Amino acid sequence: MEKHREECLVCGAPLKFLEQPVEMECALCHKMFINNVCCESGHYVCDECHISGIDQITGICLGETSSNPFVVLEKMMSLPACHMHGPEHHFMVGASLITAYHNACGEVDMQWALGEIMRRAKQVPGGACGNWGACGAAISTGMFVSIVTKSSPLAKEAWKLSNQMTSRSLAQVAEYGGPRCCKRDSYLSVLTAIDFAADKLGIKMERPEKITCSRSAFNNQCLGIKCPFHPVVYKVNF
């Protein structure tokens, strides 16, 4: 584990959210951004710097043979570039589902699909769960369905399915309440997408019997035993 994986990526100090966004300088790339979050020491890290190095995910997906998206997701989450929380999850959820969908005999051009999920996911900012009222991990499942069905704003059935997917994932994420946990929200979203793909798309990805979180100790806001994936719960209550 890296030294700073939970709060500030620069110094490890807790984050704070401002009521009004202000102009801030990214502590890593030194570019200026309008934003409403920094650490208690004043450091701000932009989304682009936050996901630096996450392009390794594409190689993981292209080399994976499992039809279980959690196998893929776990490999991604173990990368040094993946932090406890952050916008990288907006890409990883959809990428893990695209990979497992493909390996479960779903028809999709992997190179194009992975490039597209990355492009779209980068448009969903960190903190969307609290600032937009729409968790980026849940939105990523809608992107997944949109990509594999080749949906567009003018599509009919594919448009319907994409929005249904996002809404179902958001409902599951919201059920447990805040504060956010990018790992919990990713797990809930992927589980929802597995069932949705089997029911609506006719593709049966492998669904794990249980999921036990191994990173709860790195989350200062962990829900503890109220989280269905906490180590002491032992099984998915889903």
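Analyst: A crossing is called left-handed if the near helix is turned anticlockwise from the far one by less than a right angle, and right-handed if clockwise. In this predicted model, α4 passes α7 in a right-handed crossing.

User: What are the angle and the axis separation with which helix α4 and helix α7 pack?

Analyst: Helix α4, residues 88-103, and helix α7, residues 136-148, pack at an angle of about 40 degrees, and their axes are 8 Å apart. On the α4 side the contact includes Phe91, Leu97 and Tyr101, which belong to a group that meets residues of α7, among them Ala137, Phe144 and Ile147. By residue class, the contact of α4 with α7 is made up of 9 nonpolar and 6 polar residues, with no charged ones.

User: How many disulfides does a search of the whole structure find?

Analyst: A disulfide requires two cysteine sulfur atoms within 2.5 Å, and the search of the whole structure finds 0. For Cys129, the nearest cysteine sulfur is that of Cys135, 5.9 Å away, and Cys129 is in no disulfide.

User: Is Cys135 buried or exposed?

Analyst: The class follows from relative accessible area, with buried meaning under 20% and exposed over 50%. Cys135 counts as buried because its relative accessibility is 8%, whereas Cys129, at 34%, counts as partly exposed.

User: Where does Lys204 lie?

Analyst: Lys204 lies in the segment that comes after α9, which spans 182-201, and Lys204 is exposed, with a relative accessible area of 69%. Leaving aside residues up to four places away in sequence, Lys204 touches Ala104 and Ala198.

Key: Residues are numbered from 1 along each chain as its sequence is written. This is a predicted model: local features need pLDDT of at least 70, side-chain atom pairs count only at pLDDT 80 or more; totals for chains, interfaces and linings use all residues. Side-chain values use heavy atoms; hydrogens and water are left out. Buried means under 20% relative accessible area, exposed over 50%, partly exposed in between (1.4 Å probe, protein chains only). Axes are lines fitted to C-alpha atoms, for helices over the stretch in contact, and angles run from 0 to 180 degrees between N-to-C directions. Helices (H or I, at least four residues) and strands (E, at least two) are DSSP runs, numbered from the N terminus. Contact means heavy atoms within 4.5 Å. Ala, Val, Leu, Ile, Met, Phe, Trp, Tyr, Cys and Pro count as nonpolar, Asp, Glu, Lys and Arg as charged, and the others, Gly among them, as polar.
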